[in-house]
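Here are some notes for a colleague who is opening this structure for the first time. They take a few places in turn and say what can be seen there.

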Amino acid sequence: MSVFRSFINAQSAFSAQARRAFSTTMYGNTTAAKKSCISPDMLYLQPRWHVQKDQSAQGTGKVLVGMIQKRWNSGSTQPVQSVRHVDFTIEVERALRVLDGAVLVLCAVSGVQSQTITVDRQMKRYNVPRICFINKMDRAGANPWKVVDALRKKLKMHAAALQIPMGAEDNFKGVIDLLKWKAVYFEGADGVNVVEAEIPEEFLELANTKRAELFEHLAEVDETMSDMFIMEETPTSEQLAEAIRRATIANKFIPVMMGSAIKNKGVQPLLDAVCAYLPNPSEVENVALDIKNEEAKVTLSSGENDPFVGLAFKLEEGRFGQLTYMRVYQGTLRRGGFITNIKNDKKVKVPRLVRMHSNELEDVDEIGPGEICAMFGVDCSSGDTFTDGALQYTMTSMFVPNPVISLSLKPKGKETPNFSKALNRFQKEDPTFKVHVDPETKETIIEGMGELHLEIYVERMRREYNVDCVTGKPQVAFREAITEGAKFNYTHKKQSGGAGQYGRVQGFIEPAEIDEDGVDTFFESRVVGGNIPTNYIPACEKGFREGMQKGFLIGHPITGVRMVLEDGAAHAVDSSELAFKIATLNAFKEAYMKSSPVIMEPIMKVDITAPIEFQGTVMGGINKRKGTIVDTESGEDYFTCVAEVSLNAMFGYASEIRGQSQGKGEFSMEYLRHQRVQPQEQIELIKAHQKKLKEDQK
């Protein structure tokens, strides 16, 4: 199921003006797939709305439960979608890029796991405030206080419960609202009747303790609460609610709710909390870059009458053609109107505008700021910015990780137009899927985030475009780097009658760290006095960057280098841009081989979940792959293990863990960093590369 097909199920019950007033909120689960019924990579969107208390009980709560009941089933053991790799992390990035608030759903038994930490890191990247919902309070072993404690320790965030449960496991009756100071029960069919009553005496002591704890944590992050705490004043419920909202929007605090979705307990208060504590579009600062003004930052308004600005954040092949998901940040998007793609300055008409209800479409005439919609008939790529043409603004891009694996790809039999058509289509949909042609072998190379990622696209080519393909052996995205600095003083001289070639360059190279913009390759000219004419300096940089593209050890890209050009010499007749480009390229190669170069390999963070009886076998398999066990946690039936393993050692692991755990174990992978390979492995890689070069020359 598409990540976004389940969003905005309940919008039709509200007016356009009401929908426009609220932001979108993400629902996701970070528990292991076998312990829950939702993959950690599956996200669900829902608009924010304000409702009266009786509507919360009879309307929105029921609608939300209807949307998520199949996915949050506390008793289910079958996941909606099984994902063994975090190869589809771009789906999370896409969602978080356009969201104003999030609900982080945790299991009352499993608590904070490695996937939770990954998603939390992504939320922080986009400054997305969040509420935590502890689900499955009806399960055996449910312990919400263990989860709250893990939020504080593992996510390094102030977190406190706004509710306490009345009972747990089979005796879970409802929750106690620590702000309203009421016991809340959920009665009737589907638990839609919310009944408030006085707090039972048996829970009063715990309620007082947890309300005091809430006050203490708010005092750590909110100045008003801090002053009241020092003065030993007791805050009112209204003051606590205001402080929770301020601290949550500032990303300093996580309010924690709890309940059982399958029994529809705690869902309506969660919706109320979304409205009460997460921001609406007017409270979120969305920034665009003004292309006409050297990409100066511009703060967008949330006014519906201002010039239109929207972001196409996801593409999908629908039954009526390309479906483009759009988040409107400013102004109004209207059916039949014209919008301009800033990337290519192409003006396009919006022939059809729809609001999604699961996999059903509702045609609408217009969409306002803060809303998400879908368009048909608009050709674009994921991440393109659209305006009304009056503005030359572009939205800041989402974080796109670099590919870590590649495959050679060729069609079986004669190549058809569908081959290139499919590859172009997939690149538009997915920024992490990349295609290029190897200049030496002339093979088509596809790159992505993991084996499964690429396997699915190969399968889609067969299924959707009738193109059967043959793939080569997966290739790991190695990198080369230097470990120390080295000087260079190189002269390129070539004479062949008439004008020759002459250029001398002098300087040094040194290791460089990645900067805040993600750049780790730098060229700097310190040439003075005109020893190298200024019009040749760009050619010198071009030679350096050409050398970085293909390393001199195994032919993989070089990273983390700063070249400083200090001096040189030119000839009045023989010097040219080509001469200085060649001189710099050869100078870089010469200095590179003197700077103790190394080969770097991608290291993956591997999260494994399997039945407890297979723990020894599974961890032994990781050790055989030379992995490092970082953390383990054992539950009643399952254990989780976090390890760091070379991607090169992870090929075929999906089959191995199935065999080790009788098909019950699962794992996910996430790129962590590039790390230097062992010296003996580096020697073997260099030998293999040299052997391949000799074979190619035959």
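1. Leaving aside neighbours within four places in sequence, which residues is Glu 670 in contact with? The contacts of Glu 670 are Thr 118, Arg 121, Ile 603, Met 604 and Lys 605. Glu 670 itself lies in strand β37, which covers residues 666-676. Its relative accessibility is 14%, so Glu 670 counts as buried, the cut-off being under 20%.

2. Please keep in mind that this is a predicted model. The protein has 698 residues, and 54% of them are buried. Its secondary structure comprises 16 helices and 37 strands.

3. Two totals describe the protein as a whole. Taking contacts between residues at least 6 apart in sequence, 73% of these join residues at least 24 apart. The accessible surface is about 30900 Å², and carbon and sulfur atoms account for 47% of that surface.

4. Arg 97 sits in helix α3, residues 89-98. Is Arg 97 buried or exposed? With a relative accessible area of 10%, Arg 97 is buried, because buried means under 20%. Beyond its neighbours within four places in sequence, Arg 97 is in contact with Tyr 126, Leu 311, Tyr 329 and Met 395, and also with Thr 396, Ser 397 and Met 398. Phe 313 is 216 residues away from Arg 97 along the chain, yet their C-alpha atoms are separated by 8.2 Å.

5. Helix α7 (residues 223-230) packs with helix α8 (residues 237-249) at an angle of about 135°, and the two axes are 9 Å apart. The pair α7 and α8 is therefore oblique, since an angle over 145 degrees would be needed for roughly antiparallel. From α7, the residues that meet the other helix are Thr 224, Met 225 and Met 228; from α8 they are Gln 239, Leu 240, Ala 243 and Arg 246. By class, this contact of α7 with α8 has four nonpolar residues, two polar and one charged.

6. Another helix pair is α12 (residues 537-549) and α13 (residues 577-593). At what angle do the axes of α12 and α13 cross? They cross at roughly 40° and come within 7 Å. That angle makes α12 oblique to α13, because angles count as roughly parallel under 35 degrees. The crossing of α12 and α13 is right-handed.

7. The residues at this α12 and α13 contact can be picked out on each side. The α12 side consists of Ala 539, Cys 540, Lys 542, Gly 543, Phe 544, Glu 546, Gly 547 and Met 548. Facing them in α13 are Glu 577, Phe 580, Lys 581, Thr 584, Leu 585 and Phe 588. The contact of α12 with α13 is made up of seven nonpolar, three polar and four charged residues.

8. Ala 587 also belongs to helix α13. Its relative accessible area is 0%, so Ala 587 is buried. Which residues does Ala 587 touch, not counting those up to four places away in sequence? Ala 587 touches Phe 488, Tyr 490 and Val 505. Ile 509 is 78 residues from Ala 587 in sequence, and the C-alpha to C-alpha separation of Ala 587 and Ile 509 is 9.9 Å.

Key:
Residues numbered from 1 in each chain as written. Predicted model: local features only at pLDDT ≥ 70, side-chain atom pairs only at ≥ 80, totals over all residues. Heavy atoms only, no water. Axes fitted to C-alpha atoms, helices over the stretch in contact; angles between N-to-C directions. Helix = DSSP H or I, 4+ residues; strand = E, 2+ residues; numbered from the N terminus. Parallel < 35°, antiparallel > 145°, perpendicular 65-115°, else oblique. Left-handed = near helix turned anticlockwise from the far one by under 90°. Contact = heavy atoms within 4.5 Å. Nonpolar A, V, L, I, M, F, W, Y, C, P; charged D, E, K, R; others polar. Buried < 20%, exposed > 50% of the residue type's maximum accessible area, 1.4 Å probe, protein only. Areas by Shrake-Rupley, 256 points an atom, 1.4 Å probe, with all protein chains shown as cover.
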